[in-house]
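Work through the exercises below with the sequence and the model side by side. Try each task before reading its solution.

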Amino acid sequence: QGYEGLVEGGDNIKQANWLSVSNIIQLGGTVIGSARCKAFTTRAGRLRAARNLVEHDITNLCVIGGDGSLTGADIFRSEWAGLLEELVRDGQISEEVARKNCRLNIVGLVGSIDNDFCGTDMTIGTDSALHRIMEVIDAITTTAQSHQRTFVLEVMGRHCGYLALVSGLASGADWLFIPESPPEDGWEDLMCERLGE
C-alpha cells in the first residue's frame, strides 16, 4: 500500500516471490496496492516507516509514483540518518542496527497514466490505461453504430490530455477535448457542424 504500508508495517511488508507476480502482466492497476498517506508527510510518520524498514533489514526502496511519491522519497532519503539517530536515542534500535542500516538507496520510477514525464517514451501505467480505454471504445462503438447514436466518453488523465488524444486518434473520434487546448468560443456550433457531416 505504498507509504501507508511502510508506516503501518505488519503484514504490509512481506517478501515477494514468483507467485506474487504470476499472471499479472495483463492487469491494470497494481497488485502491491496504492494509497495516499498523510502520516508519511509528517516526520513522525517517516520515523515509523524507518523503524519498520530497519526491522526488516530493508535498505533499498523502489518508489513508483508521481510527483508526491517521488518528492516523499527524496525527503525520506535526506532525513534517513537523522531518523536512525532518533530511533537510537529513543531506544527503539541499537547503534549496531543503525550502523548496519546507515544507507538508504532509493530508485524512483515514474508511475503515471498521463505519460507526462520527459526523458521516457512511456511512463508506467500509460500502456495499460490506454488498453482499458480502447477496450471500452471497441465495445461501445458497436452499440453506437447499431443504435445510430453519438456517444460521449470521458477518459482518465487529470491535467494531461495524452490518453484522450491517443485514444481519440486510435478510435477515429470525431471530437476531442483536452486540457492543453481548451475549446474556443463557438465550439458547440463547430462540433455540431462536424458531426452533421
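**Exercise 1.** In which helix do Glu135 and Arg132 both lie, and how many residues apart are they?

Solution. The model is predicted, so local features need pLDDT of at least 70 and side-chain atom pairs count only at pLDDT 80 or more, while totals for chains, interfaces and linings use all residues. Residues are numbered from 1 along each chain as its sequence is written, and side-chain values use heavy atoms, with hydrogens and water left out.

Step 1. Locate the pair. Glu135 and Arg132 both lie in helix H5, 3 residues apart, which is about one turn of the helix. Helices (H or I, at least four residues) and strands (E, at least two) are DSSP runs, numbered from the N terminus.

Step 2. Check the distance. The closest N and O atoms of Glu135 and Arg132 are 3.8 Å apart, and the two form a salt bridge. The term stands for a side-chain nitrogen of Lys or Arg within 4 Å of a carboxyl oxygen of Asp or Glu.

Step 3. Check the exposure. Buried means under 20% relative accessible area, exposed over 50%, and partly exposed in between (1.4 Å probe, protein chains only). Glu135 has 48% relative accessibility, so Glu135 counts as partly exposed. Arg132 is also partly exposed, because its relative accessible area is 27%.

**Exercise 2.** Which residues do salt bridges with shared partners join into one network?

Solution. Step 1. Name the members. The network consists of Arg43, Arg46, Glu79 and Glu86. The structure holds 8 salt bridges.

Step 1. Take Glu79. Its salt bridge with Arg43 has its closest N and O atoms 3.8 Å apart. Glu79 is in helix H3 and Arg43 in helix H2, so this pair links distant parts of the chain, 36 residues apart. With a relative accessible area of 17%, Glu79 is buried, whereas Arg43, at 34%, is partly exposed.

Step 2. Take Glu86. Here the closest N and O atoms of the salt bridge with Arg43 are 3.2 Å apart. Glu86 lies in helix H3 and Arg43 in helix H2, so the pair ties together parts that are 43 residues apart in sequence. Glu86 counts as buried because its relative accessibility is 19%. Leaving aside neighbours within four places in sequence, Glu86 is in contact (heavy atoms within 4.5 Å) with Arg43 and Leu47.

Step 3. Side chains of opposite charge can pair when their charged atoms come close.

**Exercise 3.** Which residues of strand E1 are on its covered face, and which are on the uncovered one?

Solution. Step 1. Sort the residues. Strand E1 covers residues 60–65; Leu61, Val63 and Gly65 make up the covered face, and Asn60, Cys62 and Ile64 the uncovered one.

Step 1. Apply the rule. In a regular strand the side chains alternate between the two faces of the sheet.

Step 2. Find the neighbouring strand. E1 and E2 run parallel and are joined by 6 bridges; two strands pair if DSSP finds at least two bridges between them. The bridge partner of Gly65 in E2 is Val110.

**Exercise 4.** Where is Asp57 found, and what is its phi?

Solution. Step 1. Asp57 is found in the loop between H2 and E1.

Step 1. Its phi is positive, about 55°, although Asp57 is not a glycine.

Step 2. Asp57 counts as partly exposed because its relative accessibility is 45%.
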